[in-house]
Structures are given as C-alpha cells and as structure tokens.
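These are my notebook entries on a structure that I looked through entry by entry. I set down each term with its cut-offs where I first needed it.

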There are 2 protein chains.
Amino acid sequence: MKALILSSGGNDSTSILSKAVTDYGTKEVATVSIYYGQRHDKEIESARKIADYYGLAHYEFDLSKIYQYSNSAMLKQGEAIKESSYAEQLEETKGEVPVNTYVPFRNGLFLSIVTALAIEIEASEVWYGAHADDAAGNAYPDCSIEFVDAMAAAIKEGTGGQVVLSAPVVDKNKSEVVAIGLENHAPLWLTWSCYKGEDKQCGLCGTCRDRIEAFKQQHVIDPVPYAIDIDWTDCEELSYENI
Amino acid sequence: MKALILSSGGNDSTSILSKAVTDYGTKEVATVSIYYGQRHDKEIESARKIADYYGLAHYEFDLSKIYQYSNSAMLKQGEAIKESSYAEQLEETKGEVPVNTYVPFRNGLFLSIVTALAIEIEASEVWYGAHADDAAGNAYPDCSIEFVDAMAAAIKEGTGGQVVLSAPVVDKNKSEVVAIGLENHAPLWLTWSCYKGEDKQCGLCGTCRDRIEAFKQQHVIDPVPYAIDIDWTDCEELSYENI
C-alpha cells in the first residue's frame, strides 16, 4: 500500500484523494474516516460512498468519547454554528482565538491515528487536505503550514522513518483545491461539507460559503444540492459527473 | 487546571507525576490513561490507584480498535514478548527497526489525545515521561528527543499556543527518573511495568530488567513483587512507603 488518505467526505480531502488515485492507482490507495461527535456525521456516509466509488479499502474509527468534554460548535453537544464566513467570525474575535468550530487539536489527533494505521497496513505515505484558507488568521491553527511542518517531523521521527506526511495543498487556497479535484475527475457530487448536517447543504455556514465561493472561482456549479438558491451566473455544470 | 499527565501506571510516568504534584499541588494536576490492547492492561489499574492515592481527577480512553491490525508484541494479538534486555534485542536487529514491542506511533497518538483533553479541561501543560534509555538505539523512536521536540512544536502550533508539552526527563536515564520519584515520594509500590501482565512482575522482560537495574543504581529495593528472586545486595527498603 502506498498512500493512506485522511478522508472527511468533504470537498478538500476528496480532491486530494482523486490526485492520489491518479498518481498511484486504486490498489495503492486507502482511506480512513473518523467520527468524533460532529453534527454533520453524514460526511462519514459520503466518505464511504467515495471509497466505494473508487473501490478502495476504507477504515473508520470513533473518537467521540475523547471529545465528550468539548463545547466546540462542530460537535453535537457544542455551541451553535454561526451563519457567517470565517473572515467575519475572525473579525469578531480579532483572530486571537480559533473560530468556535475549532475542535481541540483535531488534526494532530487524526494524523496520529492515520500514521498508526499506515504502519499497521504498511502504507508509507499519509495524505491530508489542509489548505491555506483554513489556516488564515488563526481560524484553524491545526491547518497551518507551521503545524503541518512540525507534525511531519513528529511523524518522521516517531515512526523511525516508516511514514511520510504529505499535505499537497497546504499552500493552496480552496478554489485551487477544487481545481485539483476537477482535473482528476473527483466524484465531488458525493461529497458533504456543510457543518449543519441537514438534508441539503445549508449554504449559509462558514464552510458552505467558502465552498460555494471556491466553485464560483472555478466557474463550475457545485454538484451538491443546497437548501437556498445560489447564483451560479457564469458557471457551468461539472463535465464528467456520473461518467 | 495546570498540568495533565499521561500516566501509564508505570514507574516513569508516576515519577514525573510526583514531581508535578510537588510543583503544582493535587488540585492543579490530573491524569489520563489509555487502554490500547496492551497485554499488561493491569497497568491501567495501577494508574487508577495512583490517581486515587493523590486524589486526582483521572480520565481513561480505549484505543484498542485503532491497533486491531497491529502485530506489536505489546498487544494481546501480537507476537511473543522477548526475554532479553532492549540492548540485546537491538543487537539482534542491528538497530535498524524498533524493538518488537514498539506500538505504531503510540506516543504521537497518546500525546495528541492528552493535548485534546487538556484544551477541553483547560489544562495548559501536558506532561510525558519519555526518557533517554527508551530512545537509545532506535528502540522506541517515539521517545527520542527529536520526536519530542517536533511533537512539542506541533502541539504549540496546532493548539494556537493553548497547550505546552513538557517532557521533564527526556534527557535523563531510567535510574535518574527513579531518583526523581524517590525525591518526590512517588507511590512506586502502586506502579506496574512488566509487559507480561501476570500476577507478579516477571523480572525477565526488557522493561523488568531495565527497571530492576534502575532501582539498583539508586540502591533501593523495588517495592513491587517479582516472580523470580532478585539480588538486592547493597539496596535499602523504600523509606517512605505507605506513609
């Protein structure tokens, strides 16, 4: 096995997964998804469908007990989700604290699990879809280049060199990540990003707003349904959907 | 809460715990123990007794599902435990791979969990008892100074500076760690180290051999019972036991 991909079922990890499949083929790629008490646990169903679409080995773990004491808005027991973009939320807090959907050291924990599993199934690379927009202004400190660099070193040292961390889009913005997914024909219609986890994506939470904007910048209509009308002027349908 | 200590119930983490209690007092210290499928799960009972002894808040998590695919000798489903010291085991493998009791990226995973929990319970420091003997010759790469430094940076960056990693004995040998425990009157009679997890400590596995040697160097009789006779010439009973 070549690469184990941390797959949230969202747009970013599915885009890098499509690149891993292009690079290595489906026999050399596996995915892992983590339930941690997130409101939008339907993203796990998406991750499962995406692994099925490619015919990949897929692993799942449940960390919800570890986050039972957290009041992160990302979690079922947490604060309410805000209906504003990350930029607006950071303006409110002056960027001094992470946004209220930050989950304590989530990516450190997830990458550690993926690294452990990589050794177990003899995969030599761990891929992770953090990108520059997530880290902007301290919104999610566990997506920053500094965090990724330190974690890459911890993984190299702590596994005795058995596993390498790859964060192929850490210096790209969300729109560039969508571009990579489009280029590699990622099944983006199977993804789920909205933090609310209702029937359709809400179109109003931070992650929906940023996702819509990223697709608009690529002049492509996001293939997932939204609960509100979105103005897709100058955007085209996905050319390869369901092929 | 000041410090959250990763407590295995063994001699090393109990010694640093005793220092944390001396430094900050019992109200500012909590412990966390992790079951991960280890043969010697009675170490968890020890960790619980030690937290009780000090009257500390204590947390436990189960990660055994994450290690279900591993054949590490440390795990119930794994290879047999070797009856030789780490130095002898490393000579066999020429130090090219970790010893067969290495558990995939265990300390990366454990420290990530402790860090997440630290944010949840508002503790600002995470303490961890890795020491120089564990890292020697690549036996446990996830105890090396390089790993600890990288992980400390990942924790600082990934939590936005909310949590600091402290590894107070990373440059000390096991005997010096015992000395810290003795100095701070650690309840070492409650600890469990043996990897075999039988009625008494076996006295023959790598960790037993190294523990016995560490106590001998301090001229103190290890207060836990062993299944074999140990020559404690020139060693004295623990002076503060059960006080």
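**Entry 1: Ile44(A).** I began with Ile44(A), which is partly exposed because 19 other C-beta atoms lie within 10 Å. The classes that I used are these: a residue is buried if 20 or more other C-beta atoms lie within 10 Å of its own, exposed if 12 or fewer, and partly exposed in between, with C-beta atoms placed from the backbone. I noted that the model is a predicted one, in which local features need pLDDT of at least 70 and side-chain atom pairs count only at pLDDT 80 or more, while totals for chains, interfaces and linings use all residues. Residues are numbered from 1 along each chain as its sequence is written, and chains are lettered from A and ligands numbered from 1 in the order in which they are written.

I located Ile44(A) in helix H2 (residues 42-54) of chain A. Helices (H or I, at least four residues) and strands (E, at least two) are DSSP runs, numbered from the N terminus. I then listed its contacts, two residues being in contact if their C-beta atoms, placed from the backbone, lie within 7 Å. Apart from neighbours within four places in sequence, Ile44(A) is in contact with Gly9(A), Ser33(A), Tyr35(A) and Glu60(A). I also looked up Leu188(A), 144 residues from Ile44(A) along the chain; their C-alpha atoms are separated by 14 Å.

Entry 2: I turned to strand S2 (residues 29-35) of chain B, which runs parallel to strand S3 (residues 57-62) of chain B and is joined to it by 6 bridges. Two strands pair if DSSP finds at least two bridges between them. Opposite Ser33(B) I found Glu60(B) in S3(B). Together, S2(B), helix H2 (residues 42-54) of chain B and S3(B) make a right-handed β-α-β unit. Right-handed is said of a crossover if, with the strands pointing away from the viewer, the path from the first strand over the helix to the second runs clockwise.

**Entry 3: helix H7 of chain B.** Which residues of H7 (residues 174-183) of chain B are buried? I recorded Lys174(B), Val177(B), Val178(B), Ile180(B) and Gly181(B). Seen down the axis of H7(B), these buried residues fall within an arc of 155 degrees, so they line one face of the helix. The arc is that of the directions from the helix axis to the C-beta atoms. I found that the cover over the buried residues of H7(B) includes helix H1 (11-24), helix H5 (132-135) and helix H8 (206-217) of chain B.

Just after H7(B) comes His185(B), with a positive phi of about 55 degrees. I placed His185(B) in the loop between H7 and H8 of chain B. His185(B) is partly exposed because 15 other C-beta atoms lie within 10 Å.

**Entry 4: His131(B).** Is His131(B) buried or exposed? I counted it as buried because it has 24 C-beta neighbours inside 10 Å. His131(B) lies in the loop between strand S4 (125-127) and H5 of chain B. Leaving aside neighbours within four places in sequence, the contacts of His131(B) include Asp12(B), Val169(B), Lys174(B) and Val177(B).

**Entry 5: Glu122(A).** I noted a phi near 60 degrees for Glu122(A), a positive value in a residue other than glycine. Glu122(A) is found in the loop between helix H4 (106-121) and strand S4 (125-127) of chain A. Glu122(A) is exposed, as 11 other C-beta atoms lie within 10 Å.

**Entry 6: the two chains together.** I looked up the contact and found 35 residues from chain B and 35 residues from chain A. On the side of chain B that touches chain A, helix H4 (106-120) and helix H6 (145-158) of chain B each supply at least two residues. The largest share of that side, 10 residues, comes from H4(B). I sorted the residues of that side into 20 nonpolar, 10 polar and 5 charged. Here Ala, Val, Leu, Ile, Met, Phe, Trp, Tyr, Cys and Pro count as nonpolar, Asp, Glu, Lys and Arg as charged, and the others, Gly among them, as polar.

The same surface serves both copies, for 100% of the contact residues of chain B recur in chain A.
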